[in-house]
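Hi there,

Here is the structure I said I would pass on. Have a look at it first, and then read my notes below.

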Amino acid sequence: MNPLCGRCNLVVYPTEKVNCLDKYWHKGCFSCEVCKMTLNMKNYKGFEKRPYCNAHYPKTNFTCVADTPENLRLKQQSKMQSQVLYREDFEKNKGKGFSVVADTPELQRMKKTQDQISNIKYHEDFEKRKVGGEGPLHPPGNQGAYQPPAASQNYHYEPAAEPVRQAAAAPPPSAGKRYRAVYDYSAADEDEVSFMDGDVIVDVQQIDEGWMYGRVERTGQQGMLPANYVEAI
C-alpha cells in the first residue's frame, strides 16, 4: 500500500515519492513551511520534522533572566555547594601530595644556622677574591675566636681548617692608585673604614662595581669603602 503525503495527506506514488524527516512527500509538497519554496534533499533543513529553507530555518534565541531574589538565592546556594565540595576534596587530599610544616622553634634554629653557614661561605669566597686566590687572611689575636654553630652537624657542614676572620683583613698589595673623599663616611661594618671629606685614600683596589679597598692616609686605617664616595686624583 502506498503511503500518504506528509503535507497534503494524499497517496504518494513511487515515481514522485520523497522519503525524508520520517515522512513521505510529493516532490511538489516538499517545500519550505514559510516561503513554500520547493526543496530537495540537498538544500532542505529540518526542524521538528518540518522542512525549511536556509533563510527561514528557525534560529535558537537566548532568553534573558532577571536577577530576582529567588535566582540570586539559587546562585548563592550553588556557589556554597561548590565551596563545600572543594573543602571536602581539600581535606581528603591533605597530606597526600604536600604537608603543612609549622614554624617551630627548632625549624627557626635550623634556618638561622643555615643562614650563618651561607654567610661564612660568602666571606671566605670574598677574601679569596680580594687577595688573589690565596685563602682567607686573619688578623693577629683572633685565632680560635670562631666557634662553629652548635647545629652545624645537622647539615654535615665541615668548617675550614682556619677560622673565619672577625675584623678587616690585611691590606692587599699596593696598586698605586689614589683617590680623594668627596663625602664623609662612617664605617657600617668592622671590615670597612671611616673617612672625612677631603681625605686622601691610597693603595686603592677595585673590589666590584660599588666597593673599593684602600687606606686612609690621614688615619692609617684601611678597609672597604664605597666607590661613589671618592673620586680619582
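Of the 233 residues in the protein chain, 24% count as buried, where buried means under 20% relative accessible area, exposed means over 50%, and partly exposed is in between (1.4 Å probe, protein chains only). A word on the source: this is a predicted model, so local features need pLDDT of at least 70 and side-chain atom pairs count only at pLDDT 80 or more, while totals for chains, interfaces and linings use all residues. Residues are numbered from 1 along each chain as its sequence is written, and side-chain values use heavy atoms, with hydrogens and water left out.

The overall layout comes to two helices and nine strands. Both kinds of element are DSSP runs numbered from the N terminus: helices are H or I with at least four residues, and strands are E with at least two. Reading from the N terminus, the order is β-β-β-β-α-α-β-β-β-β-β.

**The sheet**

Start with the open sheet of five strands, whose order is S8-S7-S6-S5-S9 with antiparallel pairing. Two strands pair if DSSP finds at least two bridges between them. At the edges stand S8 (222-226) and S9 (230-232), each with a single partner strand, so one side of each has no neighbour in the sheet. From one strand to the next, the twist averages 45°; the axes behind it are lines fitted to C-alpha atoms (for helices over the stretch in contact), and angles run from 0 to 180 degrees between N-to-C directions.

- S5 (residues 179-181) and S6 (residues 200-206) pair in the antiparallel sense over two bridges, and Arg180 stands opposite Val200 in S6.
- S6 and S7 run antiparallel and are joined by four bridges. Ile201 has Val216 in S7 as its bridge partner, and a hairpin of four residues leads from S6 to S7.
- S7 (residues 211-216) and S8 are antiparallel too, with five bridges between them. Gly214 has Gly223 in S8 as its bridge partner. The hairpin of S7 and S8 has five residues between the strands, and Gly220 in this hairpin takes a positive phi near 80°.

What about S8: how many of its five residues are buried? Four of the five are, so S8 is largely enclosed by the rest of the structure.

**A pocket to look at**

The second largest pocket has a volume of about 160 Å³. The search ran on a 1 Å grid over the protein atoms alone: a pocket is an open set of points with protein on both sides within 12 Å along at least five of seven lines, whereas a cavity is a set where a 1.4 Å probe fits but cannot get out, and lining residues have an atom within 4 Å of a point. Grid points are joined across faces, edges and corners, and the volume is the space filled by probe spheres set on the points.

Which residues line the second largest pocket? They are Tyr122, His123, Phe126, Arg129, Asp189, Asp191, Glu192, Ile207, Asp208, Trp211 and Met224. Helix H2 (residues 105-130) gives the most to this lining, with four residues. By class, the lining has five nonpolar, one polar and five charged residues; here Ala, Val, Leu, Ile, Met, Phe, Trp, Tyr, Cys and Pro count as nonpolar, Asp, Glu, Lys and Arg as charged, and the others, Gly among them, as polar.

**The N-terminal strands**

Cys20 lies in S1 (residues 17-20) and counts as buried, at 5% relative accessibility. Cys20 and Met41 are 21 residues apart in sequence, and their C-alpha atoms are 7.9 Å apart in space.

In the loop between S1 and S2 you will find Asp22, which has a positive phi of about 60° although it is not a glycine. Is Asp22 buried or exposed? At 67% relative accessibility, Asp22 counts as exposed.

His26 lies in S2 (residues 23-26) and is buried, with a relative accessible area of 10%. The side chain of His26 makes a polar contact with the side chain of Glu16 (3.5 Å). Such a contact is a pair of N or O atoms within 3.5 Å; within protein, one must be able to donate a hydrogen and the other to accept it, and residues adjacent in sequence count only if both atoms are side-chain atoms.

Further on, Glu48 lies in the loop between S3 (45-47) and S4 (50-52). Glu48 has a positive phi near 55° and is a residue other than glycine; at 66% relative accessibility, Glu48 counts as exposed.

Cheers
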